[in-house]
Amino acid sequence: MEAPQTTTTTTDTADPNPIPINTNSILSSTPVWATIDGPLGLTEDESLTYARRFYKFGFALLPWLWAINCFYFWPVLFNSRSFPSIRPYVIRSAVGFTVFTTVLCSWALTFAIGGEQLFGPLWDKLVMYNVADRLGLTGWM
């Protein structure tokens, strides 16, 4: 028979991020880090600054920063108890990147699959491969 696992949390007031202690787990002695760099990474204050910057600059038409934010703060993304000050920025970055990727893929697939059959005569104005012909830039060579 297996012994039941008990989960308790430390109540140290200096540590704002309690780490669960599993009595039957090897991983109970490993600390939780905010970044994928582990102990070589940033402090919690620096991590909060970077997470906030990546999130805000993602709105400046740089949504790949949201993906970098999710990757770099991967431990925070999947551990709901750790780093409550950083977690909202990482979760919002994940949602923003998912929405951006969905919209971009939908747009690309609409043009790739639908094409001229979907848009009809408007297709010639939407595509970019005939811009030089329309502007008369090909006759000078």
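UniProt positions are given here in the numbering of this structure, with shortened feature names, and annotations may be inferred rather than shown by experiment. The unreviewed UniProt entry annotates residues 57-77 and 89-113 as "transmembrane region". This is a predicted model: local features need pLDDT of at least 70, side-chain atom pairs count only at pLDDT 80 or more, and totals for chains, interfaces and linings use all residues. Residues are numbered from 1 along each chain as its sequence is written, and side-chain values use heavy atoms, without hydrogens or water.

**Annotated spans**
- Residues 57-77 are 67% helix and 0% strand, with end C-alpha atoms 19 Å apart.
- Residues 89-113 are 100% helix and 0% strand, with end C-alpha atoms 35 Å apart.
- Helices are DSSP runs (H or I, at least four residues), strands likewise (E, at least two), numbered from the N terminus.

**Core**
- The largest nonpolar core has 14 residues. Such a core joins buried Ala, Val, Leu, Ile, Met, Phe, Trp, Tyr and Cys through side-chain atoms within 4.5 Å.
- Phe-73, Val-76, Ile-86 and Val-90 have the most contacts inside this core.
- Helices H1 (44-57), H2 (64-72), H3 and H4 (87-119) each give it two or more residues.
- Val-90 touches Asn-69, Cys-70, Phe-73, Val-76 and Leu-77, leaving out residues up to four places away in sequence. Contact means heavy atoms within 4.5 Å.

**Helix H2**
- Its buried residues are Leu-65, Trp-66, Asn-69, Cys-70 and Tyr-72. They pack against H1, H3 and H4.
- Buried means under 20% relative accessible area, exposed over 50%, partly exposed in between (1.4 Å probe, protein chains only).

**Exposed end**
- Phe-78 lies in helix H3 (residues 74-78). Phe-78 counts as exposed because its relative accessibility is 59%.
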